[in-house]
Every structure is written in C-alpha cells, then in structure tokens.
Amino acid sequence: MTDGVTAELLSKVSDIPADQWDALNPRGNPFVAHAFLAALEESGSVGPGTGWSPAPIMIRDADGIPAAALPAYLKSHSQGEYVFDHHWADAFERAGGQYYPKLQIAAPFSPVPGPRLLLRDPALAPAILAAAEAVVDQNGLSSAHATFVEESELELFRAAGWLTRMGTQFHWQNRDYADFDGFLSALSSRKRKAIRKERAAAQSAVRIMQISGADITADDWDAFWVFYQDTGARKWGQPYLTRAFFDLIGESMKDGIVLFLAYDGDRPIAGALNFVSPDCLYGRYWGCTRDVPFLHFELCYYQAIDYAIAHGLPRVEAGAQGEHKLARGYEAVPTYSAHYIANAGFRSAVADFLARESQAMERQIEFLGEMAPLNALHLTFASRAEGRTVTLTGANPALSKGLTDG
C-alpha cells in the first residue's frame with residue numbers, strides 16, 4: 001500500500017516550470033524534456049482535436065517541488081503510438097466494453113525508448129503508478145499504457161503489477177570506430193560493397209549538408225516541413241506535427257537538433273531531422289519531394305552513422321520497424337511497453353496473449369541477431385505483481401465529464 005501520498009492530475013506540461021520538470025530528467029532525454037512536450041502543446045500538435053489530451057500526473061515534495069511525474073495523455077484513438085493495440089481495442093469492444101478513452105504514458109509520436117517514470121527517488125514509483133491506475137479506475141477508462149519504456153524501469157512496472165510487452169527496433173552501435181571505413185571494416189565483404197555502392201549512388205546525385213543549431217534557418221524548416229508533410233500524408237493519412245512545432249523546437253531545442261538536407265543544385269529535395277543527446281543520435285522524421293535511389297538510406301542511416309562517429313556518440317536509434325536496416329549495419333534490439341488493464345477478464349486475455357507473443361518475439365530477435373553483421377544481443381524478461389492506492393487532486397477538463405475530444 002502507498003498511503004498518505006497526494007498526486008495531482010494536471011492539464012499541461014507547460015504549466016510546470018521547465019527547470020522543475022527537467023530536474024526529473026537528469027540524463028536529458030530529449031523526448032520527455034519540457035521543451036519538447038511543451039512545444040507539442042503550444043503548437044497544437046497535441047490537445048483539442050488531436051485525440052491526445054495532455055494529462056501529466058505529478059507528486060510534489062513537502063516544499064511543493066515536483067518529485068515524480070508521468071508524461072501522460074488521454075487518448076481517444078491509438079494513432080501515433082507505434083506499439084499497436086488496435087486488435088485489443090477491437091476485441092474489448094466486440095465483447096461489449098469501451099476501449100477509448102485510455103491513458104497513454106508516452107513521448108507522443110516518438111517511438112524512442114526512454115524514461116517514462118520521471119522520479120527523483122525510485123521509491124516513488126509505486127505511488128506515481130498507483131496514481132495512473134487511479135485515473136483509469138476513477139474515470140472508467142479501460143487501461144493505461146506506457147510505451148517505449150527503458151529497460152531499467154521495467155521492474156518498477158512489473159512490481160506494480162503491470163503487464164509487459166516486447167517489441168523490436170534496429171539500432172546502430174558505435175564500437176569506437178575511427179571513421180565510416182572503420183565501421184565498414186567490421187562487416188562482411190558483401191555488405192561493405194553494397195553500402196559503398198548505395199552511398200556512391202546517392203552522393204553522386206545530390207549535395208548533402210549537415211546543419212545544426214542556430215545555423216538552421218526558417219527556410220530550412222520550411223523545406224523540411226514539405227518533406228515531413230509528404231511522408232506523413234503517405235504513412236499516416238495526415239501529419240501528426242504542425243508547422244509551428246518545428247519553429248518552437250528550432251528555438252528551444254536548437255542545440256540538440258541536426259538536419260541532414262539533400263540538394264539538387266540550390267534546391268533542397270529531401271531531409272532528415274535528428275535529435276542529439278550526450279549518448280545517442282535519434283533519427284526521427286524524413287521526407288523527400290523527388291525519389292533518388294538510396295537517398296533514404298544515405299540521409300537516415302549512413303549520415304547518422306557519420307555524425308555519431310564524428311561526435312563520439314555511442315549509438316544511433318533510427319526509429320520504428322525496418323528489417324532492411326540489418327543490411328546497413330544496424331542491429332535488432334528489444335523494446336518494451338507496460339500495460340495496466342482495469343477489467344479482470346480482459347486483463348487475463350491480454351496476459352495470455354502477451355505470454356505467447358513474448359515467446360515469438362524472443363525467437364524473432366534471436367533470429368534477427370544471427371542475421372546482424374555484428375552479433376551482440378542481450379535480452380531480459382520478467383513477471384508481474386499487484387496492487388496499491390493513492391489520493392488524486394487537481395483538475396483536468398478532459399476528465400471533468402468524460403473525454404469529449406475527438
């Protein structure tokens with residue numbers, strides 16, 4: 001039991017002082033940083049009409065300073081999450097339940113493993129998770145989902161009785177390579193030749209620039225917005241992020257952003273946006289206005305490797321999905337999510353599904369690891385436990401009379 005703890009359900013991350021929020025993110029993960037989450041809110045990328053209603057949950061210390069927080073959202077659909085639960089929703093609703101709204105603990109539109117429990121003290125994990133459960137239970141929601149949970153937090157979720165799920169991504173690992181040729185030397189001759197051929201084809205067709213920080217201009221963002229719109233329209237039906245979002249992060253996060261742009265003469269025709277932390281380059285969004293053979297691989301994978309080697313970054317995370325990344329030096333790694341299911345019968349069915357799915361995922365990642373150019377794969381699995389209580393205060397309009405946002 002976790003008695004005597006008061007948690008607040010708030011309406012916006014931007015209502016919390018940036019320094020207080022970021023003090024709970026000491027390793028500086030960009031996707032749970034105050035600047036990133038506030039830019040989503042201020043730009044209208046989340047909020048009314050998006051199906052993502054901000055609902056951060058917070059516990060303060062005796063001095064009123066945030067001591068624990070969850071970047072949480074009330075969701076009226078399952079778009080922009082990259083951990084797919086559409087079949088869960090379908091099964092629950094066919095059985096007479098109402099799956100939406102649900103509570104999502106996530107970095108919106110960002111399939112990037114990272115902290116989801118923002119804690120000054122790990123001992124606060126049971127209380128903040130109990131607060132999330134209380135939001136679900138007291139408001140008649142079906143479930144809560146924490147997606148792309150970093151591995152070090154899994155035991156905290158499991159100890160609270162949340163079900164866990166495994167997925168797969170493809171990351172590049174920097175093994176102290178001196179340069180790109182040093183990386184290629186670790187691959188088979190066939191892979192080296194294929195990558196050199198792809199790079200030569202792309203680089204002979206366009207001029208590529210890496211632009212970062214204050215050197216990124218409004219014209220660069222305008223060009224990238226066109227690229228992002230094209231990819232968003234083809235993949236998701238409509239882009240998740242508004243144009244204003246890029247202006248906001250271009251100002252508030254400029255020191256942690258690098259753009260790779262490809263030019264035909266003086267005209268940009270493709271681009272890839274990356275975020276940078278002290279230990280990783282995160283490839284996030286890409287698009288083009290003209291198809292050029294192998295340009296996607298060059299901008300999203302090879303330029304990222306070049307940058308990581310030059311700046312001594314340990315790894316590159318190139319986003320969700322994509323077994324084709326194996327042939328380009330990226331390796332399969334497990335990703336994780338955690339799930340609180342309120343209905344006991346539905347929870348039992350989901351638990352049974354996850355037990356079988358995890359066995360299949362274990363076999364798949366083992367198989368992909370054998371296919372990787374460098375065989376370095378480490379897996380962890382675990383179990384679950386139950387139960388706790390918490391008092392909720394605060395006001396979130398989205399829950400005052402049920403979730404009405406579309």
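Of the 406 residues of the protein chain, 57% count as buried, where buried means under 20% relative accessible area, exposed over 50%, and partly exposed in between (1.4 Å probe, protein chains only). The model is predicted, and local features need pLDDT of at least 70, side-chain atom pairs count only at pLDDT 80 or more, and totals for chains, interfaces and linings use all residues. Residues are numbered from 1 along each chain as its sequence is written, and side-chain values use heavy atoms, with hydrogens and water left out.

The chain contains 12 helices and 16 strands; helices (H or I, at least four residues) and strands (E, at least two) are DSSP runs, numbered from the N terminus. A contact is defined by heavy atoms within 4.5 Å. Among contacts between residues at least 6 apart in sequence, 77% join residues at least 24 apart.

An open sheet of 11 strands shows mixed pairing, in the order β2-β5-β6-β8-β15-β9-β14-β13-β12-β11-β10. Because β2 (52-54) and β10 (207-212) each have a single partner strand, they stand at the edges, and one side of each is left without a neighbour in the sheet. Two strands pair if DSSP finds at least two bridges between them. Strands β5 (residues 72-75) and β6 (residues 102-105) run antiparallel and are joined by four bridges. Within this pair, leucine 74 stands opposite leucine 103 in β6.

Helix α10 (residues 295-310) bends by about 30° at tyrosine 302, the bend being the angle between axes fitted to the seven residues ending at a residue and the seven starting there. Most of α10 is covered, with 13 of its 16 residues buried.

Asparagine 25 is found in the loop between α1 (18-22) and α2 (34-42). This residue counts as buried because its relative accessibility is 6%. Leaving aside residues up to four places away in sequence, asparagine 25 touches Val32, Ala33 and Pro115. Alanine 194, in contrast, lies in helix α7 (residues 189-205) and has 36% relative accessibility, so alanine 194 counts as partly exposed. The C-alpha atoms of alanine 194 and arginine 328 are separated by 8.7 Å, with the two residues 134 residues apart along the chain.
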